[in-house]
Amino acid sequence: MIELINVNKSYSGIVKAVDDLTITIPEGQITGFLGPNGAGKTTTIKIITGVLNADSGSITINGTNIRENPLEAKRQFGYVPDNPDMFLRLKGMEYLNFMADIYDVPDDLRKKRIQELAESFEMEAALNDQIQSYSHGMRQKIVIMGVLIHDPSVWILDEPMTGLDPKSSFTLKEMMKTHAAAGKTVFFSTHVLEVAEKLCDRVAIINKGKLLFYGTMDEMRENFRSNGSLEKIFLELTENE
Amino acid sequence: MNRYTVLTGVMLKNFNLLNLRPGKSGKIPIKGVLLSLLIFAAFLPMMLSIGSIVLAGYAVLSEIRQEGMILGIGFSLSSLTIFFFGIFYVMSVFYFSKDIESLLPLPLKPSEILAAKFTVAMLYEYLTEAIFLAPVLIGYGIASKAGLLYYLYGILLFLALPVLPLIYASAISMLVMGFTNLAKNKDRFRIVGGITAMFLAVGINAFITKLTGSSISAMELQKLMEQGNNSYAEIMSGIFFSNRFAVLALLNSEALKGFVNLALFVLICILFIMLFLSFGEGIYYKGVVGISEASAKRRRFSETELERSGRQKPVLRAYIIKELKLLFRTPVYFMNCVLMNFIFPLFIILPLLVQPDEMKELQVLGTYIRDGNGSAIVLAAAFGISAFVTSTNGIAASAISREGTNIFVCKYLPVSYKTQITAKALSGMSMGVVGTLSMLLAAAVFMPIPAYLMLLITAVSIFGIAFSSFSGILIDLNFPKLIWDNEQKAVKQNFNVVLNMLVSAVVAGIPVFTIVALHFTLWMTLLTLVLVFGILDLLLYNILSTTGVKLFERIEV
């Protein structure tokens, strides 16, 4: 569970990137995070993960406050950032083992997971090469694998589907469903409304740092008395701002 | 021409040498401005002493009417320095810069990109010149009570001087890179290419000094000097042959001869630029296209590989290994941070190999160390040098900067900032120890240093190495340079490294100086160093674990 209460963040003291955001991302569901470019999605995610400090407000992950008890809180989640260009000069295998060391994954467990993940993401042949030789999609995959290797209870994914081929995208979506079904938390941002519509139990829509809507898909349709697609609702919502 | 100006303008936006770019808060950071002033102040004594040497030299040399020598030597040494730094600048600006990838698809001629990049490298060289050549020109101008034309010519020559040495540096780099780019494993070959270019630069330097030293006999030189009339300038030659026109232009600034020589100098520069651009049109892309390609085998990992690599390591160790792997595998970091540790031993060995006579003197020095008070001085000196060498490798002082915009990864990993800082400091220290040991070994080959002294030096130098690593990382936590478009900017063009070199030189230098001046015995030296630096190290580590952690927390990109 992720809980944000009255979170504020501004750049230069003028532009409000996140404006008094209060939201609870529950367990056992997939929550999608939508909004136009520059709406504050990535900033919010960075605040949740401790990459950015909020100006005010409190953030807890599984009940642990990220500011007061950062290490404990950081162990709860796995984070896939929007840009996977990191640790480029490590080999895929070295990166996975680095993450496993950082998150205290014991020997036999990590071996099993590396094999399983390599197989389901079709990365067996790439793990011996440096990450800089990977394509964008492969980099995305290795970062996702690095997160899954320590099996965190909360998944936080920033645009995880970008650059993935259909099969990997499908695999990831299935994994997200399994994870949520096991009573864990999945929170991800996306631009692709079709994905959100098919995958999410709940959606949060923000624009200019403000939460415009938060609820289940059904609630949304009811709320807007519309049988239209999420796309239509989304466009209406964000344009009337 | 228009495209050249646009291109240069865009590249200069990324110049940002002093890290003065406004942050997200929109204001230019005060700390950064103060730091720049401090750095400038640190170079001031050096510039002033160059100036005063020029003034003193003028008084002596004008007696025999050879004051032109000052300008001659000034131009020659500046050209050499520009050439040497040029190799690094060219490698960084022409090849390792990230903008290359986005420039290649644009409808630009190679020579247009080359011209813009050459301009950027020229600007870096102006900073070098400002420190080395400007004091010479100004000092000479004051001493000779020169007129307005002298200063006008001086400015023009200052601006044009880097052209020739930089073109030489570019030509060497382009040939080396064109060749190494053929290789499959680009990273490894770029490392080899970098080392080759550096050795070529050192070798050519040595060759030039030898050539100019022997091409004219002492007798001839004396005869020439006696002629007066600034005849020295007339015999200047070598690869920077056009420098003689520069000197003659300044010496005769009030006469037509001066103008003719200035025109000649500028003409040669223009000619070289044209030659360079047409030569570069053909060869530049050979080194640049595909530079970002990475080799890949795409071979499935074996069971044993999985077994071997998958053994669980403690977090601190895993983090240090990660730091060192990135240092060794990134060509720019390897050259500037790893290789640097071996340059000083090389400096010790090379001159001795070239001039074997000095070997005998070292043997004498060896007996002095054994018998007399020399061992205390050697211990103190080795301590100071090891602290300084550690600061020159820049690993600690760029540890945060090297993360770049990926610093966010340090923030979400569940590793305390204290552990991360410690891991970064330890990776800097480990290379400092390697540097110190290799220097000791190099020295031991030529000097009979007793074994117990070697052991003492190793033990004591740890304290100095720790000090300069801690201070380096503390400086970098204060002024991290995270926005860069090529890795070179994180290590080479990072003033945190320079600042830490100054700090280390001063802090390690003072006790060493005291020990030598007060004739401490070996054991007093040992005790003093261990005590003073033991306390300093503890203090710094304490600051790092409190203030340092807070600073790390506050870093945002």
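**A tour of the chain A and chain B interface**

Five salt bridges cross the interface of chain A and chain B, a salt bridge being a side-chain nitrogen of Lys or Arg within 4 Å of a carboxyl oxygen of Asp or Glu. This is a predicted model, where local features need pLDDT of at least 70, side-chain atom pairs count only at pLDDT 80 or more, and totals for chains, interfaces and linings use all residues. Residues are numbered from 1 along each chain as its sequence is written, chains are lettered from A and ligands numbered from 1 in the order in which they are written, and side-chain values use heavy atoms, with hydrogens and water left out.

**Stop 1: the salt bridges**

Select B:Lys313 and A:Asp101. Their side chains form a salt bridge, 3.6 Å from N to O. Next, select B:Lys325 and A:Glu94. This salt bridge has its closest N and O atoms 3.4 Å apart. B:Lys325 sits in helix α15 (residues 315-329) of chain B and A:Glu94 in helix α3 of chain A, so the pair joins two chains. Helices (H or I, at least four residues) and strands (E, at least two) are DSSP runs, numbered from the N terminus. Over all chains, the structure holds 21 salt bridges.

**Stop 2: the whole interface**

Now show both sides. Chain A brings 49 residues to the contact and chain B brings 43 residues; contact means heavy atoms within 4.5 Å. About 4300 Å² is buried between chain A and chain B, 55% of it on carbon and sulfur atoms. Buried area is the accessible area (1.4 Å probe) that two parts lose on being put together, summed over both.

Color chain A by element. α3(A) gives the most, with seven residues.

**Stop 3: a loop residue**

Move to A:Glu124, in the loop between α4 and α5 (136-148) of chain A. Which residues does A:Glu124 contact, leaving aside neighbours within four places in sequence? They are A:Ala118, A:Glu119, B:Arg299, B:Arg300 and B:Phe301. For a distance check, pick A:Phe234: A:Glu124 is 110 residues from A:Phe234 in sequence and 40 Å away in space, C-alpha to C-alpha.

**Stop 4: helix α13 of chain B**

Select residues 256-288 of chain B, helix α13. At 1.5 Å a residue, its 33 residues should span 48 Å, and the end C-alpha atoms are 45 Å apart, which agrees. The expected span is 1.5 Å times one less than the number of residues.

Where does α13(B) bend by about 50°? Look at B:Glu281. The bend is the angle between axes fitted to the seven residues ending there and the seven starting there. Finish at B:Gly290, which follows α13(B) and has a positive phi, near 85°.
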